[in-house]
Amino acid sequence: MGIYVASLFWVLGAAVVAGVVAYVVRRVGETHGVVENNEAAGQVFTIVGGLHAVLLAFVLISLFDAVSHAEEGAYREADSLVATSWAADALPEPTRSEVRDLSVSYASTVLDKEWPLMREGNGDAGEQGWRDLEQMRSAISQATAADEWQNDQKTEAADKLWEVYQARQERLDAAGSEGVSDVVWFALLAGSVMSVALPLLFGGPRPKTHILIVAVLAGTLSLLLFATHQLQNPYAGGAQVGPDAFESVLARLQ
């Protein structure tokens, strides 16, 4: 099911259910004194709805930032990998060829093996990538620099390889994180239910308008909850970060 169809299903389903509940409440509920309670119910709704909106906005902003950070981290890791290989080109053989081959192997491992696991929320991507980095580190550290310029390039390669290591660790941590915790999900769902339930206490001479308001509110909250669900894993869902950076690495190094 496409993401747009799924989101439409969530929104329309919540709106229809809330609209039916509002109709039943207006149809069979107690109407005496309801209009007089609008002011009190409105004040409570303002507090509950405001707190819920703040929590929901905070969660969504945090998830959007996590997706942006994951995308930036992937390109930082890929660019540092290319910079490591290019710096190692100044070193003598066999270090030069070994680092380039290991860079290609690392990018292929990330692209073909690790990214599918990350889409499933698995931060344990295996040992192949770590072994490639360790072998590159060993090859660079053991390389013999014939002059000052080669020594500078050796240092540059080692520094860039450390940046690859850091970005890789951040990527795997993000893929293995829980996203939104169970406690926060409970608060979001309970707050959404209360935010929709409170307007059912309102009264007025136009029941159709009241039902429409409740349905729109439920659909809006459902859409935001759907967006929260889609953004939990930055490497999956509607805003997923793809392996484009490592595809570029292979194109540059092969």
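**Figure 1. Contacts of Y106 and R168 in the predicted model.** Y106 touches E77, L81, G129, D132, L133, M136, V164, R168, R171 and F246, with residues up to four places away in sequence left out; contact means heavy atoms within 4.5 Å. One of these partners, R168, is found in helix 5. Helices are DSSP runs (H or I, at least four residues), numbered from the N terminus. R168 is buried, with a relative accessible area of 0%. The classes of exposure are buried (under 20% relative accessible area), exposed (over 50%) and partly exposed (in between), for a 1.4 Å probe and protein chains only. When residues up to four places away in sequence are not counted, R168 touches E77, Y106, V110, E114, G126, G129, W130 and L133. This is a predicted model, in which local features need pLDDT of at least 70 and side-chain atom pairs count only at pLDDT 80 or more, while totals for chains, interfaces and linings use all residues. Residues are numbered from 1 along each chain as its sequence is written, and side-chain values use heavy atoms, with hydrogens and water left out.

**Figure 2. The largest nonpolar core.** In soluble globular proteins, nonpolar side chains tend to be buried together. A nonpolar core is a set of buried Ala, Val, Leu, Ile, Met, Phe, Trp, Tyr and Cys residues joined through side-chain atoms within 4.5 Å. The largest such core has 53 residues, of which L81, Y106, W115, M136, Y235, F246 and V249 touch the most other members. Two or more residues of this core come from each of helix 1, helix 2, helix 3 (95-119), helix 4 (128-142), helix 5, helix 6, helix 7 and helix 8 (244-253). Helix 2 gives the most, with twelve residues.

Figure 3. A pair of aromatic rings is described by the distance of the centres and the angle of the planes. Rings of Phe, Tyr and Trp (its six-membered ring) pair if their centres lie within 6.5 Å; planes under 30 degrees apart count as stacked, over 60 as edge-to-face and the rest as tilted. By this rule there are five aromatic pairs. The ring centres of W10 and F226 are 5.1 Å apart and the planes lie at 65°, so this pair is edge-to-face. Because W10 belongs to helix 1 and F226 to helix 7, the pair ties together parts that are 216 residues apart in sequence. W10 is partly exposed, with a relative accessible area of 34%, whereas F226 is buried, at 7%. W115, Y235 and F246 form one aromatic cluster.

**Figure 4. S222 and its contacts.** S222 has its place in helix 7 and is buried, with a relative accessible area of 10%. Neighbours within four places in sequence aside, S222 is in contact with W10, V11 and A14. The C-alpha atoms of S222 and S7 are separated by 8.6 Å, although the two residues are 215 residues apart along the chain.

**Figure 5. The largest pocket.** A pocket is found on a 1 Å grid over the protein atoms alone, as an open set of points where a 1.4 Å probe fits, with protein on both sides within 12 Å along at least five of seven lines; lining residues have an atom within 4 Å of a point. About 240 Å³ of space lies in the largest pocket, a volume being the space filled by probe spheres set on the points. Its lining has 15 residues, of which A14, S192, V193, V196 and A218 lie nearest the centre. Helix 1 (3-28), helix 6 (182-197) and helix 7 (207-230) are the elements that give two or more residues to this lining. Helix 1 supplies the largest share, six residues. The lining divides into twelve nonpolar, three polar and no charged residues. Here Ala, Val, Leu, Ile, Met, Phe, Trp, Tyr, Cys and Pro count as nonpolar, Asp, Glu, Lys and Arg as charged, and the others, Gly among them, as polar.

**Figure 6. The second largest pocket.** The space in the second largest pocket is about 210 Å³. Of the 17 residues that line this pocket, A66, A70, A174, S177 and P234 lie nearest its centre. Helix 2 (38-88) and helix 5 (148-176) each supply at least two lining residues, and the largest share, seven residues, comes from helix 2. Nine of the lining residues are nonpolar, five polar and three charged.
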